[in-house]
Amino acid sequence: MNRTRIAVVGAGLIGRAHIQAIQSIDTLTLHALVDPTPAAQNLATQLGVPCHASLQELLLKDRPDGVIVATPNDMHVPQALACIEAGVPCLVEKPVATTVAEAQQLVDAVQQHPVPVLV
C-alpha cells in the first residue's frame with residue numbers, strides 16, 4: 001500500500017498532536033520532522049524519522065507529499081509560501097497569519113499557484 005508521506009514542521013504541543021494523528025491513519029506515514037531544537041531531534045530519533053533544522057533544508061533534500069505547519073504564528077505565512085513555491089501541499093495551523101496583509105499575501109500566492117493549502 002502506498003502511504004502519503006507527511007512532514008511536520010514544529011515539534012511542540014500542536015506538532016505532536018499532528019504526529020499522533022498521522023500515526024493513527026493507515027494511509028499516512030510520518031516522513032520527517034522540521035525543528036531546530038535538540039528535543040525535536042530526540043523525538044525524531046524515537047520515531048525513526050529524519051529531523052531537519054529548517055523547512056528549506058527539508059524541501060531541498062527530501063520532498064514529502066505534504067507538510068503540516070505547526071510552528072509559532074509569525075512563521076506560518078513564510079513557511080506556507082515556501083511550500084507553495086516548492087509545489088508541496090500544506091496544512092497551516094491557525095491563525096493562518098498575524099496580519100491581514102500577510103493573510104492576503106498567502107491568498108494571492110494560492111491563487112497564482114495550483115498547490116493545495118488548507119488551514
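Contact here means heavy atoms within 4.5 Å. The model is predicted, so local features need pLDDT of at least 70 and side-chain atom pairs pLDDT 80 or more, while totals for chains, interfaces and linings use all residues. Residues are numbered from 1 along each chain as its sequence is written, and side-chain values use heavy atoms, with hydrogens and water left out.

Select His31 in strand 2 (residues 28–34); strands (E, at least two residues) and helices (H or I, at least four) are DSSP runs numbered from the N terminus. Leaving aside residues up to four places away in sequence, His31 touches Arg5, Ile6, Ala7, Val49, Pro50, Asp62 and Pro64. Show the side chains of His31 and Asp62: they make a polar contact at 2.8 Å (a pair of N or O atoms within 3.5 Å, one able to donate a hydrogen and the other to accept it; residues adjacent in sequence count only if both atoms are side-chain atoms).

Is His31 buried or exposed? Its relative accessible area is 15%, so His31 is buried (under 20%; exposed is over 50%, partly exposed in between, with a 1.4 Å probe and protein chains only).

Next, select His18 in helix 1 (residues 13–23). His18 has 16% relative accessibility and therefore counts as buried. Beyond residues up to four places away in sequence, His18 touches Ile68, Ala70, Leu91 and Glu93.
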